[in-house]
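Please look over the model below before reading on. A few notes follow for a colleague who has not seen it before.

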Amino acid sequence: MPVNTPREEYTEFTPIWKRMRDTFGGRDKVIAAGELYTPRLPAATPDAQQAYLHRGNYYNAVRRTVSGLTGGVFQKTPRFDVPRRVSPWLKDVTLTNVPMEAFALMATEDVMLMGRCGILVEMAESPLTEVRPYFVSYAAENIINWDTTIIEGDEVLTLLVLRERPRRVDESDPFQYTTVEQYRELRLHLEGDALRYTQQVW
């Protein structure tokens, strides 16, 4: 079974997640989906069908609802109680100049829309940055497989497979970028009385 094999629940929710993303995205996304949301008119020519699609109005109640619920959560500015040493890191929790408050807002919006949002805490070990943790967010659609194990009476996440699409410079042209698809496998192994964490990119 290859690493990109999705969990059964993932396959079940994929069309629901797509519908949520498209409706949240607005009129252009709904039109781009074509007959998925707007069935073809009987005997309509392709041009007539396109004209029919583009004449339609779309009231984006999904975006308004999600934005309203997210705004309700953040009516009060969040307060983060962290040790003094950690406090400077909150100004950039992703190493891409995203402060903690903005990251929390984006994650909350995704939870309101999709029902889940993945956050992986990694460690920066580049010589250009200090050794420190940082956050990487994963949309629901990119968390393709997972499994849990009961350890000492607790349900523990022991497998996670994350889909990633990083952009890389084309070797033949330094001004050209290509997008590759890769999968990050995270595992917790019980070895004796200790848990061992491993990570592998496929």
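This is a predicted model: local features need pLDDT of at least 70, side-chain atom pairs count only at pLDDT 80 or more; totals for chains, interfaces and linings use all residues.

1. Helix 1 against helix 5. Two packed helices are described by the angle between their axes and the distance between the axes. Helix 1 covers residues 8-25. Its axis lies 10 Å from that of helix 5, and the packing angle is about 120°. Angles of 65 to 115 degrees would count as roughly perpendicular, and those over 145 as roughly antiparallel. The two helices are therefore oblique to each other.

2. Who makes that contact. Helix 1 contributes Trp17, Met20, Arg21 and Phe24. Helix 5 contributes Glu109, Asp110, Leu113 and Met114. Of these contact residues, five are nonpolar and three are charged. No polar residue takes part.

3. Aromatic rings. The structure holds three aromatic pairs. In one of them, the ring centres of Tyr10 and Trp17 are 5.7 Å apart. Their planes meet at 65°, so this pair is edge-to-face. Phe13 and Trp17 also pair, with centres 5.8 Å apart. Here the planes are at 20°, so the pair is stacked. Tyr10, Phe13 and Trp17 together form one aromatic cluster.

4. Phe13 and Trp17 both sit in helix 1. They are four residues apart, which means a separation of about one helical turn. How accessible is Trp17? Its relative accessible area is 3%, so Trp17 is buried. Tyr10 is buried too. Phe13 has 31% relative accessibility and therefore counts as partly exposed.

5. Four strands form an open sheet in the order 3-4-7-8, and the pairing is antiparallel. Which strands stand at the edges? They are strand 3 and strand 8, the latter at residues 194-201. Each has a single partner strand, so one side of each lacks a neighbour in the sheet. On average, neighbouring strands are turned by 20° against each other, direction ignored.

6. Strand 3 with strand 4. Ile143 has Leu162 of strand 4 as its bridge partner. The hairpin of these strands has two residues between them. In this hairpin, Glu152 takes a positive phi near 50°.

7. Strand 7 with strand 8. Strand 7 spans residues 182-191 and runs antiparallel to strand 8. Eight bridges join this pair. Among the bridge partners is Arg196 in strand 8, which goes with His189.

8. A buried residue, Gln49. This residue lies in helix 3, residues 46-55. Is Gln49 buried or exposed? Its relative accessibility is 2%, so Gln49 counts as buried. Leaving out residues up to four places away in sequence, Gln49 touches Thr38, Pro39, Arg40, Leu41 and Ala44.

9. An exposed residue, Arg84. Where is Arg84? It is in the loop between helix 4 (61-73) and helix 5 (100-114). Arg84 has 79% relative accessibility and therefore counts as exposed. Its C-alpha atom is separated from that of His54 by 55 Å. Along the chain, Arg84 and His54 are 30 residues apart.

Methods:
Residues are numbered from 1 along each chain as its sequence is written. Side-chain values use heavy atoms; hydrogens and water are left out. Two strands pair if DSSP finds at least two bridges between them. Buried means under 20% relative accessible area, exposed over 50%, partly exposed in between (1.4 Å probe, protein chains only). Axes are lines fitted to C-alpha atoms, for helices over the stretch in contact, and angles run from 0 to 180 degrees between N-to-C directions. Angles under 35 degrees count as roughly parallel, over 145 as roughly antiparallel, 65 to 115 as roughly perpendicular and the rest as oblique. Contact means heavy atoms within 4.5 Å. Ala, Val, Leu, Ile, Met, Phe, Trp, Tyr, Cys and Pro count as nonpolar, Asp, Glu, Lys and Arg as charged, and the others, Gly among them, as polar. Rings of Phe, Tyr and Trp (its six-membered ring) pair if their centres lie within 6.5 Å; planes under 30 degrees apart count as stacked, over 60 as edge-to-face and the rest as tilted.
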